[in-house]
Structures are given as structure tokens and as C-alpha cells.
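Work through the exercises below with the model open. Try each task before reading its solution.

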Amino acid sequence: MSPSAQPMRWEKYAWPLFAGALLLATWYFSVKWSHTKIFPSPFDVGNGTAELIHKGVLANYVLDSLRRVALGYLGAALLAIPGGLFLGWYPAAAFVVNPTIQMLRPISPIAWIPVSIIWFGVGDMAAIYLIFLSSFFPIVVASMNGVRNVPSMYRRAGRNFGLSPAKLIARVVFPAALPQIIVGLRIALGIAWLVVVAAEMIAVDSGLGYLVIDSRNSGKRYDLVVAAMIMIGLTGLALDTIFRRVEKFKSVRWGFSNES
Amino acid sequence: MSVVQTIAAQRGTERNGKRTTKLRTEGLTMVFKGDGADVRVLEDIHLEVSEGEFVCVLGPSGCGKSTLLNIAAGFLPPTHGQVWIDGEAVHGPDPRRIFVFQERGVFPWLTVEGNIGFGLFKLSKADRAGRIAHYIKLVGLQGFEQSYPQELSGGMKQRLEVARALAVNPDMLFLDEPFGALDSITRLIMRRELLRIWEAERKTIMFVTHDIEEAVQLADRVVVMSARPAKIQRIVEIDIPHPRDISSNRYLDLRDGIFEQIGLAHKV
């Protein structure tokens with residue numbers, strides 16, 4: 001295939017499937033030829049997954065992880081979007097707060113685990129708080145920059161039609177910044193999904209992160225560890241796919257000009 | 001009333017001295033503070049625009065004619081001087097006077113209908129729908145009501161912006177090189193469209209351009225600006241009735257006069 005060639009319809013699916021199959025084969029034969037007793041083969045993982053489904057654990061754990069992400073992430077979005085709009089709209093406020101934000105932002109959410117356990121105890125709240133933290137900063141920064149980057153032409157046009165400042169924010173600044181805010185939301189969701197696994201390894205006794213660490217600790221069930229990993233990957237992919245749908249809405253698609 | 005008659009009527013009132021002043025600038029000077037040196041952009045601009053008049057402000061790129069328009073629209077406060085519209089001092093933008101931007105001034109997150117209805121938030125739903133339908137028809141965007149700007153051509157976007165401006169029924173329009181980004185054929189069509197709309201709606205128009213032909217084709221009067229700091233060099237009255245024959249001697253005389261004024265020999 002030359003780089004400019006349009007893939008045929010069958011090629012769209014065939015080649016990615018082929019790459020996946022190749023990876024599975026490599027995995028399978030590596031396990032087989034190395035005679036490892038610890039690392040599971042793809043078939044072991046398949047059986048492990050079936051066992052988890054059969055016991056009803058898998059669906060519950062996925063839902064538990066998703067629930068924690070939903071609470072922490074939505075809480076973050078609810079605070080960070082208005083906060084970011086405010087900071088973008090009032091440069092003086094951003095001048096005061098931005099250095100603090102930029103200092104807190106690079107701290108890995110994992111480093112917050114001990115602190116969040118002191119504050120919220122070992123349990124759901126600690127995990128949700130970590131997800132909240134990890135989502136908050138990307139969203140607040142994207143919203144702030146989104147507002148700053150609104151072309152002055154749009155603001156002038158809005159003012160020209162006699163909009164009050166509140167209406168100007170609601171009808172011009174927010175929709176104009178929305179594509180950038182969505183990018184921030186999408187990045188934050190990806191991070192939240194990474195963090196929930198770590199949080200569940202320490203703070204709680206359900207969810208996919210817990211499944212990973214518990215399968216290892218209680219009997220070295222590496223087939224279940226890898227099954228949980230694959231589930232984490234698939235769920236993350238599903239979340240991202242849903243988000244890409246949002247970017248296709250016509251009222252924001254103008255902001256993603258490279259993929260129209 | 002045809003344009004020819006209208007102009008004749010205007011001439012009449014002019015002779016009777018009744019033609020009212022719409023906009024007046026008094027000693028407008030604009031200095032932008034730069035790093036180190038200040039930049040003088042406008043120098044002592046005195047200009048009067050009459051009710052219903054079509055005035056083109058013509059000058060080289062970067063001379064400050066857009067700044068003049070932004071001050072007149074109330075977006076920028078002048079360093080010295082004052083703008084008066086209908087006898088009131090201008091202190092900010094006003095929905096009675098709408099600014100049409102160079103390009104991309106339409107809101108990409110709204111449909112054609114949403115854009116035209118943008119300034120109509122004080123009207124009832126039924127009135128708003130009626131107004132939107134009227135202006136969609138006026139600028140010939142029927143069938144594109146639900147389209148987003150990214151699905152429109154450059155000329156259609158510019159017509160949409162003009163429709164959005166007209167929908168709030170302003171009595172004055174400021175147009176800042178509105179056709180500058182269009183190809184030359186579309187530009188000619190848009191000029192004719194603008195004149196048709198102007199004839200239908202009778203707004204006072206202040207139109208900034210760097211295109212001499214465009215100015216002479218459109219305006220009642222052409223205000224020729226110098227390079228920065230911009231001063232008014234000359235005001236040329238274009239006394240040719242619409243539709244204008246752009247190969248007539250009078251047209252060519254006026255055009256070449258402005259070419260000379262700007263200091264360009266009219267030869268390529």
C-alpha cells in the first residue's frame with residue numbers, strides 16, 4: 001500500500017485484525033516455547049475471563065470502576081469548566097492563580113494517594129478524590145486557554161449586538177471555546193481512566209485495579225491479571241470512542257478542522 | 001424608487017440643505033503604544049457622512065483605515081477627538097450600527113438561521129422567525145437555513161454576515177474590507193448584491209477598502225487616505241448613477257484621478 005492509496009473496504013478491517021492476530025501468535029508461541037509456568041497463554045486468559053464473567057465479577061468490577069470515574073470526573077468538570085472560563089475571562093485572576101495551578105499540575109495523582117487516604121480514609125471517596133484531582137487540572141487549563149484564544153472578532157460581534165457580559169459568555173465565549181474545552185475533557189478522561197486503576201489497587205476492594213492486584217496477591221492468578229488488563233484497555237478504548245463522537249457534533253466540529 | 005431617482009432625490013435635498021449628517025468625526029487621532037516607539041496611526045481626521053450615504057474609505061494596506069472604522073463603531077477609544085453619530089458622542093458599540101468583519105465574522109457554532117437570529121434575542125419567537133426568513137431570502141441563502149458556516153462558500157459566508165447585520169435593523173453598517181478574501185468573480189457579484197441590498201434597505205454605509213475600482217463602483221463619495229499616519233488626502237464625489245458603466249469615460253476619469261492621487265501610474 002502506498003501512503004496515498006485509499007484502503008479498500010476489506011483492508012480497513014483486515015490489516016488491523018492481522019496485526020492483532022500476529023501479536024496473539026507471538027504471545028502464544030513465546031509462552032509455549034519458553035515453557036513458562038507463571039505467565040499465562042492467550043487461552044489461559046480466555047478461560048480466566050470466562051471464569052470472571054461466570055462468577056459475575058467482571059461486569060460488577062467494570063461498573064465499579066466506571067462509577068468512580070464518573071463521579072470524580074464529572075465533579076471535576078463541573079468545577080473546572082466554570083473555573084477555567086472565569087480565569088480565561090479575567091486575566092488578572094489568572095495572573096494570581098496560574099502559577100499555583102502550574103505547580104500543582106505536574107504532581108502525579110499517584111503521589112496524592114497517601115494524602116487522600118488521610119483525608120478520606122481507605123475507601124471509595126479516596127479513589128474518587130484522586131480521579132477528581134487528575135481530571136481537574138487538564139480541564140481547567142483547557143477551558144482557560146479556550147477562552148483566551150477566542151478571536152476578538154467574535155467578542156466584538158457579540159458586544160456589537162448589545163449582549164450583556166453574562167450573555168456574551170454564554171452565547172459567544174463558551175461556544176467559541178468549546179472545541180478546546182472538549183479536547184481538555186477528552187485528555188482528562190484518558191488520565192482519569194489511568195488513575196482509577198492505580199487508586200483501586202490501594203484504596204478499595206472492588207474494580208478493575210483491585211482485580212489486578214488481588215489476582216496477583218491471592219494465588220498468583222496471572223491469567224486473571226492479564227484478563228483484567230485487557231478489560232481495562234477495552235473499556236478505555238470504548239470511552240475514547242464515545243468521546244470522539246462528541247467531537248463530530250456540527251456545533252463543535254468547526255474547531256477540529258483537520259478531520260472534517 | 002430606483003437608485004437613479006434616489007440619488008436625484010438626495011441631490012435635491014442636498015441643494016435644499018436638508019440632508020442630515022449621520023456621522024461626524026472631529027479631530028480623530030490615534031496613537032498605539034508600542035514597545036519603545038509610539039505608532040501614530042490616524043492624524044486629525046475630520047469626516048462627515050450623511051444619512052443614507054455610501055462612503056468608501058480608501059487607502060493602502062495598513063494605513064489605519066480599519067482603525068478609523070473600529071473607532072467609529074465604538075470598539076476603540078481614540079487618543080484624541082470624538083465621533084458623533086446622530087448628534088450623540090460614541091462611547092461603545094451599539095446594535096443600531098453593526099460592524100461587518102473582513103472574513104470569518106460569522107459564528108461557526110451556529111447554523112445560518114442561528115447566525116441571522118443571533119441579535120434578535122429581544123423579539124418574540126414568531127417575529128424572530130419572520131425576520132430570519134426575510135433576510136435569508138434577501139441574501140439568497142434559501143435552502144441553507146440549517147447549514148453551518150463551514151459548509152458554505154466564502155461568498156455565502158459573507159452574505160450571511162451581512163444578513164446577520166441587517167436583521168437587527170441597524171441604521172448604519174460598517175464594512176471592513178468585507179470582500180477582501182473572495183475571488184474576483186465572487187467579489188463583483190457581491191458588490192452588485194450589496195448595492196441591491198443598500199437600495200432596498202437604505203442604510204448609511206461606511207465601507208473600508210484598498211481596492212480603487214471597488215470604491216469607485218460602490219460609493220457616493222470616496223475618502224482617499226494617505227499612508228500612515230493616515231490623513232484624509234481628498235474626498236472624491238462619484239457622480240455616476242447606478243448601475244454604473246465601468247467603461248464610461250466619467251468612471252475612468254474618476255478612477256484614474258484616484259490612481260494619480262495615490263501616486264500610482266495606471267500602467268502595469
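**Exercise 1. The core**

Which residues touch the most other members of the largest nonpolar core?

Solution. The model is predicted: local features need pLDDT of at least 70, side-chain atom pairs count only at pLDDT 80 or more, and totals for chains, interfaces and linings use all residues. Residues are numbered from 1 along each chain as its sequence is written, with chains lettered from A and ligands numbered from 1 in the order in which they are written.

Step 1. A residue is buried if 20 or more other C-beta atoms lie within 10 Å of its own, exposed if 12 or fewer, and partly exposed in between, with C-beta atoms placed from the backbone. A nonpolar core joins buried Ala, Val, Leu, Ile, Met, Phe, Trp, Tyr and Cys residues through C-beta atoms within 7 Å.

Step 2. Read off the residues. The largest nonpolar core holds 133 residues, and A:Ile131 and B:Val222 touch the most other members.

Step 3. Find the main contributor. Helix α8 (residues 165-202) of chain A gives the most to this core, with 18 residues. Helices (H or I, at least four residues) and strands (E, at least two) are DSSP runs numbered from the N terminus.

**Exercise 2. Around B:Val222**

List the contacts of B:Val222 beyond four places in sequence, then examine B:Ala215.

Solution. Step 1. Contact requires C-beta atoms, placed from the backbone, within 7 Å. B:Val222 meets B:Cys56, B:Leu58, B:Ala215, B:Val216, B:Val236, B:Ile238 and B:Ile258.

Step 1. B:Ala215 sits in helix α7 (residues 212-218) of chain B. With the same exclusion, its contacts are B:Cys56, B:Leu58, B:Thr209 and B:Val222.

Step 2. B:Ala215 is buried, because 26 other C-beta atoms lie within 10 Å.

**Exercise 3. Backbone exceptions**

Which peptide bond is cis, and where does B:Pro243 lie?

Solution. Step 1. The bond from B:His242 to B:Pro243 is cis, with omega near -10°. B:Pro243 belongs to the loop between β10 (232-237) and α8 (249-262) of chain B.

Step 1. Most residues other than glycine have a negative phi, and most peptide bonds are trans. B:Asn169 has a positive phi, near 55°. B:Glu177 also has a positive value, near 40°.

Step 2. B:Asn169 is partly exposed, because it has 15 C-beta neighbours inside 10 Å. B:Glu177 has 20 such neighbours and so counts as buried.

**Exercise 4. The chains**

Solution. Chain A has 11 helices and 0 strands. Chain B has 8 helices and 10 strands. Across the interface, 15 residues of chain B are in contact with 16 residues of chain A.

How values were computed:
Contact = placed C-beta atoms within 7 Å.
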